[in-house]
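I opened my notebook to see what could be looked up in a single protein chain. My plan was to begin with the whole and then pick out a few places.

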Amino acid sequence: MKLKIAVLTGGGDCPGLNGAIKWVTKTALDPRLAGKRPVSFEVVGIGEGWKGLVEVDPGDPESCDRYLRHLDEEVVRTWDRHGGTYLGTSRTNPFNPKNDRSERLIDNIKRLGINVLVVLGGEDTLGVAHKLHKLGIKTVGIPKTIDNDLTGTEYSLGFDTAVNVITEEIDRLRTTAGSHSRNFVVETMGRHAGWLALHGGQCSGAYIILIPEYPFDIDVVCELLREREGREINYSIIVVAEGAKPAGQQEFLRDTKVDDFGHPMLGGIANSVALEIEKRTGFETRSLILSHLQRGGTPSARDRLMARWFGIAAVDMIVNEDYGRMVSLTRGEITSIPLKEIVSKLKLVDVEKYYDTERYNGRRSIL
Ligand code: F6P
C-alpha cells in the first residue's frame, strides 16, 4: 500500500522548518526502511499553509503548480541549512466562523488523494490539525514557534535561533550604548509568553527583563536604573517582550487589525518604556524592536538537530498509525502527545520558579 503524505507549514515562519520538511521526506522515502515497512510513501509539499490547501483547485494544473510541490530526496537535500520555509506559509484559518472554508479544505484533501497530513505550526495551525483529526483526517503535528509557548513540549522549532539572534544583537548594541552612555530598551517577540525575552535577556546579560506573565511597574524599572547611578556602568540594557504590559494596562498594538485567528498585532512597548524612563529619570534611553530579525537567518545547530529528530519522529508516528498527535520533547526525550492537549492552553513562564519580581530578571535561585 502506498500512502500520500502532504506536508505544510502554517503561522509565522522560523529557522528549522525546512530541516523538518527534509527529514519527513527523507525518512518517508528511505529505501532501506521501505523494505521493513508495511506501507510505502510519496510526499507532497503544500504551498502557503492552510491557505494553499483551501485555495488549490485539484482540477486546474496551473493552480496545482502554484500550491503543490513534489518532494523527494534530491529536492530537499540542502534544505536543513536554510531558514524560512520553502513551502511558504500563511495565517489562514479554514475554520474561521466569519469565513468557514473547512468543507472546501476537506474536499481538497480527498480530491488530492492525501492520506496523511504532517502539519508544522504553533497553537493556531495545530488547532486546525486537531479539528481535522476529529473529522476523521489523519494528522501528525510538529511544534514550531519562536515563542516556545506550545504546551506539551519543552521545545518548539525556531526558539533557539531566535534566542541566539537576540543575544548577538544585544552584544552588538552594547558597544554603541557604552560609547554614548545610553540605555537601550530592546523589544523581543513573545505575545503571551516571556520565554524569548527571559532567555534572550539572560543570555545577553540584560539588566532588566519585562515579560507578559508579570505586569511591570515603571517606577520599579526607574528605581532599578537609579540604583546603578554612580557605579562604573554607564548604560543599561532593558529587554521587553512585545506582550509585556504595565500593571493595569493593555498590551501595545502595532495595528488595530486582527489576524484570521483573532490575534491582535502586538508591538511598540519598547518605545513607550524608553520614553517613560527618559521622562522620569533623565537618563538618555533609546529603543530597538528586533521584530522579524528573530525569525530570520540560518537555523542554529539545536534547531537543525531538533528539526531532524522531529521530522523523523513524525514519520515513525505515521508508520505506527499514531494519528491526532504532535511530536514533542519531554524531559529531553522525543515522544508525542495528543493534539487535544495542546490546543487552547499555552506554556507560560512560571513566574514563581523563574522570575525575580524585585529585580525584574531571571531568578538567582535555581534549585
Ligand atoms: O509566531 C508567533 C510570533 O512570532 C509572535 O511572537 C509575533 O507576535 C508574531 O509571530 C508576529 O507575526 P507576523 O509575522 O504575522 O507579524
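**Entry 1: ground rules**

I noted that this is a predicted model, in which local features need pLDDT of at least 70 and side-chain atom pairs count only at pLDDT 80 or more, while totals for chains, interfaces and linings use all residues. Residues are numbered from 1 along each chain as its sequence is written, and side-chain values use heavy atoms, with hydrogens and water left out.

**Entry 2: the whole protein**

I looked up the helices and strands: the protein has 13 helices and 15 strands. Both are DSSP runs numbered from the N terminus; helices are H or I with at least four residues, and strands are E with at least two. The radius of gyration is 22 Å, close to the 21 Å that the globule rule gives for 367 residues, so the protein is as compact as a globular protein of that length. That radius is taken over C-alpha atoms, and the rule is 2.2 Å times the number of residues to the power 0.38. Along its principal axes, the C-alpha trace spans about 75 × 45 × 35 Å.

Next I checked burial. Of the 367 residues, 55% count as buried. Buried means under 20% relative accessible area, exposed means over 50%, and partly exposed is in between (1.4 Å probe, protein chains only).

Then I turned to contacts, meaning heavy atoms within 4.5 Å. Among contacts between residues at least 6 apart in sequence, 72% join residues at least 24 apart.

I also looked at charge. There are 48 positive and 51 negative side chains, and the centres of the two sets lie 3 Å apart. Lys and Arg count as positive and Asp and Glu as negative; His and the chain ends are not counted. Each charge is placed at NZ of Lys, CZ of Arg, CG of Asp or CD of Glu.

**Entry 3: helix α8**

Helix α8 covers residues 159-180. Its 22 residues reach 32 Å from first C-alpha to last, close to the 32 Å expected at 1.5 Å a residue. The expected span is 1.5 Å times one less than the number of residues. Which elements do the buried residues of α8 pack against? I found β6, α9 (195-203), β8 (237-241), β11 (285-289) and α12. The buried residues include F159, V163, I166, I170 and L173. An α-helix has 3.6 residues a turn, so residues three or four places apart point the same way. Just after α8, S181 takes a positive phi of about 50 degrees.

**Entry 4: helix α12**

Helix α12 covers residues 301-319. It has 19 residues and reaches 27 Å, close to the 27 Å expected. Among its buried residues are M306, F310, A314 and M317. Just after α12, E321 takes a positive phi of about 55 degrees.

T188 sits in strand β6 (residues 183-188). Is T188 buried or exposed? T188 is buried, at 2% relative accessible area. Setting aside neighbours within four places in sequence, its contacts include I166, V239 and Q294.

Q294 came up again with C14. C14 is in the loop between β1 (2-9) and α1 (17-29). C14 counts as buried, at 0% relative accessibility. C14 and Q294 are 280 residues apart in sequence, yet 8.3 Å apart in space, C-alpha to C-alpha. Not counting residues up to four places away in sequence, C14 touches G84, K144, I146, L157, G158 and R295.

N361 is in strand β15 (residues 361-362). N361 counts as buried, at 13% relative accessibility.

P38 is in the loop between α2 (31-34) and β2 (40-46). P38 is exposed, with a relative accessible area of 67%. The C-alpha atoms of P38 and I318 are separated by 11 Å.

E48 is not a glycine, yet has a positive phi of about 65 degrees. E48 lies in the loop between β2 and α3 (49-55) and counts as partly exposed, at 21% relative accessibility. S291 is not a glycine either, and its positive phi is about 45 degrees. S291 lies in the loop between β11 and α12 and counts as partly exposed, at 28%.
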